[in-house]
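Student: I have a new structure open and would like to go through it. Can we start with a single residue and work outwards?

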Amino acid sequence: MKSHNYFVYITTNPGKTVLYVGVTNDLAVRLEQHKENRGKSETFAGRYYCYKLLYYERYTYVQHAIEREKELKLLSREKKMELIKSENPYLQFLKVDD
């Protein structure tokens, strides 16, 4: 049986003033899409230049990833920052292996 990967992720803008929570099955491609869309007002991530990865979680089942995304979106900024810092204490921009 094939293993599936789904990711819940949090990106930010270069100044780290805005957070964006999303879900995808291909994190590297999705981050490239966010980067290509920066400055485009049609999307939240584009409008606020949210293309720098700060945090992600991996799931095998899409429904679990979607549930987690919804959960994270309801968190306050402070709680999201606590979560990010629990894995990435210096808020470094993360790279994804292709």
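Tutor: Take Lys16, which is partly exposed, with a relative accessible area of 30%. Keep in mind that this is a predicted model.

Student: Where does Lys16 lie?

Tutor: Lys16 is in the loop between E1 and E2. Those two strands form a hairpin with six residues between them.

Student: What is the phi of Lys16?

Tutor: Lys16 is not a glycine, yet its phi is positive, about 60 degrees.

Student: Is Leu91 buried or exposed?

Tutor: Leu91 is buried, and its relative accessible area is 13%. The cut-off for buried is under 20%.

Student: Let's zoom out. How many helices and strands does the protein chain have?

Tutor: The protein chain has four helices and three strands. Starting at the N terminus, the order of the elements is β-β-α-α-β-α-α. The radius of gyration is 13 Å, close to the 13 Å that the globule rule gives for 98 residues, so the chain is as compact as a globular protein of that length.

Student: What box do the C-alpha atoms fill?

Tutor: Along the principal axes, the box is roughly 40 × 30 × 25 Å. Of the 98 residues, 37% count as buried.

Student: And the contacts, what share joins residues at least 24 apart?

Tutor: That share is 63%, among contacts between residues at least 6 apart in sequence.

Student: Now the strands. What is their order in the sheet?

Tutor: The three strands make an open sheet in the order E2-E1-E3, and the pairing is antiparallel. E2 and E3 are the edge strands, as each pairs on one side only. From one strand to the next, the twist averages 20 degrees.

Student: How many bridges join E1 to E3?

Tutor: Seven bridges join them. E1 and E2 pair over six bridges.

Student: Which residues stand opposite Ile10?

Tutor: On the E3 side, Ile10 stands opposite Tyr55. In E2, the residue opposite Ile10 is Val21. Val8 stands opposite Val23, also in E2.

Student: How many residues of E1 are buried?

Tutor: Seven of the seven, so E1 is largely enclosed by the rest of the structure. Tyr6, Val8, Ile10 and Thr12 are buried on one side, and Phe7, Tyr9 and Thr11 are buried on the other.

Student: Why do the side chains go to two faces?

Tutor: In a regular strand, side chains alternate between the two faces of the sheet.

Student: On to helices. What is H3 like?

Tutor: Helix H3 covers residues 62-74, which is 13 residues. At 1.5 Å a residue, H3 should span 18 Å, and its end C-alpha atoms are 19 Å apart, which agrees.

Student: Which residues of H3 are buried?

Tutor: In H3, the buried residues are Ala65, Arg68, Glu69 and Leu72. They cover an arc of only 105 degrees around the axis, which puts them on the same side of H3. The exposed residues Lys70 and Leu74 are on the face turned away from that buried side.

Student: What covers the buried residues of H3?

Tutor: The cover includes strands E1, E2 and E3, and helix H4.

Student: Last topic, His34. Which helix is His34 in?

Tutor: His34 lies in helix H1. At 3% relative accessibility, His34 counts as buried.

Student: What does His34 touch?

Tutor: Again leaving out residues up to four places away in sequence, His34 touches Tyr9, Tyr20, Ala45, Cys50 and Tyr51.

Student: How far apart are His34 and Gly46?

Tutor: In sequence, His34 and Gly46 are 12 residues apart. In space, their C-alpha atoms are 6.5 Å apart.

Methods: Residues are numbered from 1 along each chain as its sequence is written. This is a predicted model: local features need pLDDT of at least 70, side-chain atom pairs count only at pLDDT 80 or more; totals for chains, interfaces and linings use all residues. Side-chain values use heavy atoms; hydrogens and water are left out. The expected span of a helix is 1.5 Å times one less than its number of residues. Buried means under 20% relative accessible area, exposed over 50%, partly exposed in between (1.4 Å probe, protein chains only). The arc is that of the directions from the helix axis to the C-beta atoms. Contact means heavy atoms within 4.5 Å. Two strands pair if DSSP finds at least two bridges between them. Axes are lines fitted to C-alpha atoms, for helices over the stretch in contact, and angles run from 0 to 180 degrees between N-to-C directions. The radius of gyration is taken over C-alpha atoms; the globule rule is 2.2 Å times the number of residues to the power 0.38.
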